[in-house]
Amino acid sequence: MTPLIPEAERTLLEPAGLSRQDAERALGRLAGAGADLGELFLQHRIAESWALEDGIVKEGSFNLDRGLGVRALSGEKTGAAYAEDIRPEGLANAVEAARSITRAGGEQQVRALAPTDASPVHDQGNPIAALGEQDKVALLERADQAARRIDNRVQEVNVRLSLNFETMLVMATDGAWAAEARPLVRLDVSVIVAEGQRRERGFAGAGGRRPLSSFSHEWPEDLAKEAVRCALVNLDAVDAPAGPMPVVLAPGWPGVLLHEAVGHGLEGDFNRKGSSAFANRIGEQVASAHCTVIDDGTLPDRRGSLTVDDEGTPTEPTVLIENGILKGYMQDKLNARLMGAAATGNGRRQSYAHQPMPRMTNTFMQPGSADPAEIIAACPKGVYAVNFGGGQVDITSGRFVFSATEAYLIENGKVTRPIRGATLIGNGPEVMTRVSMVGNDLSLDPGVGVCGKEGQSVPVGVGQPTLLVDEITIGGTAT
Amino acid sequence: MRQDVDIRQQEGELTGLAEAILRQAKRLGAAAAEVSVSEDIGLTVKVRKGELETLAFNADRSFGIAVYDGQRKGSASTSDSSEGAIEETVARALGIARHTQDDPCHGLADADLMAAHLPDLDLFHPAPLDTEAALAAAQACEAQGFATDQRIVNSEGAEAARSQSCVVYGNSHGFMGAASTTSHSLSCVLIAEDSNGMQRDYWYTAHRNPGALEAPEAVGRTAAERTAARLSPRKVATGSYPVLFSPQAARSLAGHVIGALSGGAQYRKASFLLDALDAEVASPHLHLVEQPRLPGRLGSASFDGDGVATAEKAFIDAGVVRSYVLSAYSGRRLGLPTTGNAGGVHNLLLKGRTKAFKALLNDMDRGLYVTDLMGTGVNGVTGDYSQGAAGFWVEGGEFAYPVDEITIASNLKDMLRQVAAVGDDPDQRGNIITPSVLIETMTVAGGAAAT
């Protein structure tokens, strides 16, 4: 057994006066109700954040959440209940409420718990305790001072440091038994610059499941510099063009394209229900042959990384699209069972009070062979999009958007003037077939992604090399 | 399973908890403190293709505290209301306050602004948490959806939800206010298909009073009609056209304006309506008003997040900005009194030169009716607006065909001045209540430009 399970039991069970046997008995009650799967999920999460504005750290907050979630799955049905108090009574009530989905009674022996042997893919330390308050405050002040030093057009600087530390333990009637500690850190710098009548904002942020000490010494200054650069570029931006045209996407964070255009549409639940534009298309060509797209929760220390998912399934690299051919979906246990597929370590929940569903971890495209400069040169007239705010998809029609916050015109194969922010819109399966060049410069995003689905938010990562999409609609104002 | 719950019976206990937390803050040395305790009990039943899919029970209690140590502030919150957790959470908030810096604007709202009188706003209409009744409503709703149009081939389900919540806010002025509310809703998401692919859409009903909900069959029928109407969409030739926002799509426009008028955006100079007090920013027939104490509404409240009494006001009156959206803190930052909007607005209504929906279509003659917006392409600092859209093309004042995979773009400053008229069809479901809004012209990007 990895030491992660006994450690999680010390955090989650012992203070509540619960034993491993109590948990196993609760699983027996769930199994006795005739459930296909009964599951207990226990979670303890602390979060701390510090905010700087007007040159001073004026606010900080601390949050503590702990609780347990109980599920009983039967066929396509789910019974779910949760309790904020991890106490014997709360557990018993939640078990009875969840098992009311099934009509049977009694108790039943469950399969022996089999501890996962997955080794941690990220740091297991508590980032909140690892640094003193004064040192945390100093990080924010350094970012503020750097931003103001760089350019006197900087008017406002906001800096936020967010530190999270979660311990989870999951046990289920299929024998799943896993735990891990999940740190998550993030530093965000946002600036407002002004020149004459024009004002613009710029943003930079970074983080991951790793200690603050692992970031470069100049981390706050580097983020400040990047935020100011983004804002100043936009001071000179001209109106964005409107209509369909070629777009070159920069590497890294623009991988939000993949998250929206194919990622959500390849989640198991939508495909089991037949509500995704990608349903029943395994083995078909859904992207150009240049495209190989992978979801991988095992990447070390990334924001979307997990050793095990919230159902205790170890994460893995899951090939979604290989050379343009649709290979597989991302699965949690419920959808994997109903589709006769294997769980892929993508069962995630926002907290004990939410229910798991198939979610992405880190989603990226494998690099190709093209030199990025060559890709831009191959585009006589179009747009070079470097930074994005966020995106959204309608998985049924395949229609998706992502909104550029830093982009440039490409004229005669050269990057020229910056353009105002604009939304790009396309249809996932169509746009992916128009990826005509893929760069050799795969990079992953800096670690600020948040993915929302059915009201639940989880941290994710994206990445891609430089890409040329032959045609996508740009929502500018210049016609 | 059926539970008779009345969360008002918890008000006393939650108030006691709030008082204990404030006492603890005082004992540990806080000069001032404010606390918010909330409890929420609910049931959600989801049905898909006629079968029960999810049955979920929730019972949440949590509290948050802000403490002031001189002019320094620290906050903490937790879902654990045990004695030990209260102690730890208050200590954490004070620990944080010791490491933040002085801000002269921090502190409670002035004592004489506290809501002295808490009227009954008719927000509490409990019904038993009855799984069988919820299941029956969701099944009837979805079944009517399938029966309405044979092109409805699939469903993401119908969901019936009931909840009761109680929020108690108190501070070291001695103010203590409690508000218990109920919420009932029913929603349905359907999928239609034809030879050109699948489309989804939805409809929902939500109210504080279960008796005021739309019938399940009506919700299912509307969801089906809306979904089927989107089949076989086309693109629009790129160009400039009048754009009519549906009441649902217009809700976000009002939201962008409130964001720009919020105290935070003003003092951070991050607003496209910066320093706009008393300036004309919108068509002279437009009004954006807040009516926080309307009885029975989803947004109603008698006190804000600072304990300050809410009051009716116009943010925009006849096109002119008459008030920002201020809390005690953001008000002090701007040298203005709070507007009772800590935590946001309560029942925001957009009003203007009103015409029947059909008359708006006739006025538009040829243009775009937008029912659905997508994306994050709104820049609150510059007002630059670029969003994904879907809806219907209008030709000669009539719906011609559905359109999607298009964008609409302009700048919010121009859009506000170009509101030609609004509809007589405000959508009452929610905190922001907007009618259809006709904008004179926006850039629509879709297919190749018209030649």
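Predicted model: local features only at pLDDT ≥ 70, side-chain atom pairs only at ≥ 80, totals over all residues.
**Entry 1: strand 18 of chain A**

Residues are numbered from 1 along each chain as its sequence is written, while chains are lettered from A and ligands numbered from 1 in the order in which they are written.

Strand 18 covers residues 422-427 of chain A, and six of the six are buried, so the strand is largely enclosed by the rest of the structure. Helices (H or I, at least four residues) and strands (E, at least two) are DSSP runs, numbered from the N terminus.

I then looked up its partners. Strands pair if DSSP finds at least two bridges between them. Strand 16 (residues 399-411) of chain A runs antiparallel to strand 18, with six bridges joining them. There, Val401(A) has Ile425(A) as its bridge partner. Strand 23 (residues 467-475) of chain A is also antiparallel to strand 18, with two bridges. Leu424(A) is partnered by Ile474(A) in strand 23.

I went to helix 10 (residues 428-433) of chain A, where Met432(A) is found. Why does Met432(A) count as buried? It has 25 C-beta neighbours inside 10 Å. I listed its contacts, leaving out residues up to four places away in sequence: Ala261(A), Val262(A), Val286(A), Ala287(A), Ser288(A) and Cys291(A). Two residues are in contact if their C-beta atoms, placed from the backbone, lie within 7 Å. I also checked Gln285(A): it is 147 residues from Met432(A) along the chain, yet their C-alpha atoms are separated by 9.9 Å.

Ala261(A) and Val262(A) are among the buried residues of helix 6 of chain A. Helix 6 spans residues 256-263, and eight of the eight are buried, so this helix is largely enclosed by the rest of the structure. His259(A) and Glu260(A) are on that buried list too.

**Entry 2: helix 2 of chain A**

Helix 2 of chain A has 13 residues (20-32), which at 1.5 Å a residue should span 18 Å. The expected span is 1.5 Å times one less than the number of residues. Its end C-alpha atoms are 18 Å apart, which agrees. I found Ala23(A), Ala26(A), Leu27(A), Arg29(A), Leu30(A) and Ala31(A) buried. The buried residues pack against strand 1 (37-53), strand 2 (56-74), helix 3 (88-99) and strand 5 (154-172) of chain A. After the helix comes Gly34(A), with a positive phi near 80°.

**Entry 3: chain A as a whole**

I listed ten helices and 23 strands for chain A. Its radius of gyration is 24 Å, close to the 23 Å that the globule rule gives for 479 residues, so chain A is as compact as a globular protein of that length. The radius is taken over C-alpha atoms; the rule is 2.2 Å times the number of residues to the power 0.38. Along its principal axes the C-alpha trace spans about 75 × 55 × 35 Å. Buried residues make up 61% of the chain. Of the contacts with a separation of 6 or more, 76% join residues 24 or more positions apart.

**Entry 4: where the chains meet**

Strand 3 (residues 77-83) of chain A runs parallel to strand 3 of chain B, and four bridges join them. Ala80(A) has Ala56(B) as its bridge partner.

Conventions: Buried ≥ 20, exposed ≤ 12 C-beta atoms within 10 Å, placed from the backbone.
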